[in-house]
Amino acid sequence: MRHIAQSTRTTTRTTRTTHIARLAGIATLVVAAAFAGTGAALAQGTDASSVDQKVDGVMVVAGNSCSWTNASTSAVPPTALTVDRATINTPGGNLACGGGIVASLNNNPAFTFDDAAGTARTDLIDITGRQSFISCRYKATGIVWDRDATSRKYINRAFTAAKASGSFLCPGSVTTPAGDASMLFH
């Protein structure tokens, strides 16, 4: 009996550790997905006649991905713009994540551009991610994106988002490495 009890304790501890590690991955994925969405708006060039002010985004974190297509922006870069969260979040948008994660953007992120430097900045990203009964909300400010050569693609620089609310199981902050998000504006 004693041997079985020890095995149960080890299994419980391993399960708990795996669950917490997965929550950290979920939080990172959710935040990265949100930031990736905003970065897409940054990828537009200056030729407004050939664009429809739409953003496609993909973010891969810890083997899971979040993506959406055809989110709307308020203008064409390099004009300052906002991304309409209603066209990213379901039911109006088609944001979908792997790994059983449900994500939603809580704000309409604003962007400014510096074409000479080949960069863009996002003011604030506010995102919530849910898996099962666990919900985590994160916010990040001042995110910088780098333009990929002369294309309409922008790639994120590393950033950290702080926990704004949610379960005690949610990490206090999550970091998204540089290059983990890229967006294409069309």
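This is a predicted model: local features need pLDDT of at least 70, side-chain atom pairs count only at pLDDT 80 or more; totals for chains, interfaces and linings use all residues.
Residues are numbered from 1 along each chain as its sequence is written, and side-chain values use heavy atoms, with hydrogens and water left out.

We begin with the strands. Helices (H or I, at least four residues) and strands (E, at least two) are DSSP runs, numbered from the N terminus. Two strands are said to pair if DSSP finds at least two bridges between them. Strand β10, residues 159-166, runs antiparallel to strand β8, residues 134-147, and four bridges join the two. Within this pairing, Arg137 has Ser165 in β10 as its bridge partner. Strand β10 is also joined by four bridges to strand β11, residues 173-176, again in an antiparallel arrangement. Here Ala162 stands opposite Ser173 in β11.

The next topic is the interior. A residue is called buried at under 20% relative accessible area, exposed at over 50%, and partly exposed in between (1.4 Å probe, protein chains only). A nonpolar core is a set of buried Ala, Val, Leu, Ile, Met, Phe, Trp, Tyr and Cys residues joined through side-chain atoms within 4.5 Å. The largest such core has 34 residues, of which Trp68, Ile88, Leu95 and Tyr138 touch the most other members. Two or more residues of this core come from each of β1 (54-61), β2, β5 (102-105), β6 (110-114), β7 (119-131), β8, β10 and β12 (181-185). The most is given by β8, with six residues. In soluble globular proteins, nonpolar side chains tend to be buried together.

Covalent links between cysteines come next. A disulfide is a pair of cysteine sulfur atoms within 2.5 Å, and a search of the whole structure finds two of them. One joins Cys66 to Cys97, with an S to S distance of 1.9 Å. This pair links distant parts of the chain, as Cys66 lies in strand β2 and Cys97 in strand β4, 31 residues apart. The link of Cys66 and Cys97 is right-handed, with 110° about the S-S bond, and both cysteines are buried. Another disulfide joins Cys136 to Cys170, also with an S to S distance of 1.9 Å. Distant parts of the chain are linked here too: Cys136 is in strand β8 and Cys170 in the loop between β10 and β11, 34 residues apart. The torsion about the S-S bond of Cys136 and Cys170 is about -85°, so this disulfide is left-handed. Both Cys136 and Cys170 are buried. With the bonded cysteines numbered in sequence order, the pairing is 1-2, 3-4.

Thr73 lies in the loop between β2 (64-72) and β3 (81-82). Thr73 counts as buried because its relative accessibility is 9%. Its side chain reaches the backbone oxygen of Ala75 at 2.9 Å. A polar contact is a pair of N or O atoms within 3.5 Å; within protein, one must be able to donate a hydrogen and the other to accept it, and residues adjacent in sequence count only if both atoms are side-chain atoms. Asn89 is found in the loop between β3 and β4 (96-97), and Asn89 is buried because its relative accessible area is 13%. Leaving aside neighbours within four places in sequence, Asn89 is in contact (heavy atoms within 4.5 Å) with Leu95, Ala103, Ser104 and Leu105.

Finally, the backbone itself deserves attention. Most residues other than glycine have a negative phi, and most peptide bonds are trans. The peptide bond from Pro77 to Pro78 is cis, with omega near 15°, and Pro78 lies in the loop between β2 and β3. The bond from Thr90 to Pro91 is likewise cis, with omega near 15°; Pro91 is in the loop between β3 and β4. Gln53, in the loop between α1 (2-42) and β1, has a positive phi near 55°. Asn70, in strand β2, has a positive phi near 60°. Asn70 counts as partly exposed because its relative accessibility is 41%.
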